[in-house]
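Q: Could you zoom in on one part of this model and walk me through it? I'd like the pairing details, down to individual residues where you have them.

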Amino acid sequence: MQKHLPNITEPIMKWFEMNKRELPWRNDREPYHVWISEIMLQQTRIEAVKKYYVHFMQALPDIKSLSVVPEDQLLKLWEGLGYYSRARNLKKAAEMIMFQYNGEFPHSYEQLLTLPGIGEYTAGAIASICFNEKVTAVDGNVLRVTARILGSKKNVLLTETKKEAVQLLLEKMPPQSGTFNEALMELGELICLPNGIPLCGNCPLKENCIACKEHLTSEIPVREKKLKRRKEQKSVFLIVSHNKMAIEKRPSKGLLSGMYQLPNIEGFHTENELYHILKDWNVTPEEIAFIKETKHIFTHIDWYMKGYRVTVNQQYDRFLWVSPEELSEQYALPTAFQLFLNDSQ
Ligand code: SF4
């Protein structure tokens, strides 16, 4: 990201003053109200949350009533919102507030973070909106707005990108920190919409926004999920008969498709098990000798491999038999298998 945000403070504060929606939890700045609404909004659209919120407040109007509510009643009030652990955490946090803070909502961001179910975003929202603490409340909406203003193609799912956004926003934060945070969230929800369709023409920041000026709104924000790595174990056979070795063609689809490979099987096995596996292939080993254990890394799969040199006295039809020269000149053998060739003599 670039070093500083342009002047966004005044335009966005004015815009929010004129355009903010009337919402039941915005009638005051009670931390109990902001807290419950923020937790409900984590999983549901604003329109749907409104009726849950009103119903919840009628049944449990304050921290004390929440701290003693029977679990069945609490879960009934939460019914339809899903993620029931969030409701249970609300009650646990209310109990903590009653016993550790004498029923008074903790004021600071750091204290709020110690309550069950309250993470950085919710703590930031409560601390800034209710207590004017100079902290950010950065959710997906705010990250999107920030990345677009900066024209940044950094992955917004990375912690370091979020940390940078927090620093840059703090530089622009006016004394009314809560209103500034709310304005950014509101802009993200009403104007700077996701999926490449922001309403830039109505945006108070359009003069200062790089993504808008350079037509990059469909590319920003960049959200790249980390690929989950898969781990696989393999036993690999370097089967040799005189001066030839056995290879076979890999399937025409999938990883390393159409290339050649040393025969192999999933998993690690004892030599006795390997002997019987080879027998099942109608291959009679004269000798099985461990070569080495190694690892090969693909984009999202790690192969952990143990290699074995298997000496046989005939060239079985199920394999293709090649000399080292033929192999290097005519057949594509992936690096993962070549790792066993040099150490096998
Ligand atoms: S000008 Fe467009 S892209 Fe930039 S912040 Fe506003 S709505 Fe988002």
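A: Here's a close look at strand β1 and the strands it pairs with. Quick housekeeping: this is a predicted model, so local features need pLDDT of at least 70, side-chain atom pairs count only at pLDDT 80 or more, and totals for chains, interfaces and linings use all residues. Residue numbers start from 1 along each chain, following the sequence as written.

β1 covers residues 230–241; a strand here is a DSSP run of E with at least two residues, numbered from the N terminus. Two strands count as paired if DSSP finds at least two bridges between them.

Let's begin with β6, residues 301–311, which lines up with β1 in the parallel sense over eleven bridges. Within that pairing, F237 has Y308 of β6 as its bridge partner.

Now for the antiparallel pairings. Strand β4 (residues 264–266) runs antiparallel to β1 and is joined to it by three bridges. S235 is the residue standing opposite I265 in β4. Strand β2, at residues 244–249, is also antiparallel to β1, this time with two bridges. There, S241 is bridged to K244 of β2.

β1 and β2 also form a hairpin, with two residues between the strands.

How values were computed: Helices (H or I, at least four residues) and strands (E, at least two) are DSSP runs, numbered from the N terminus.
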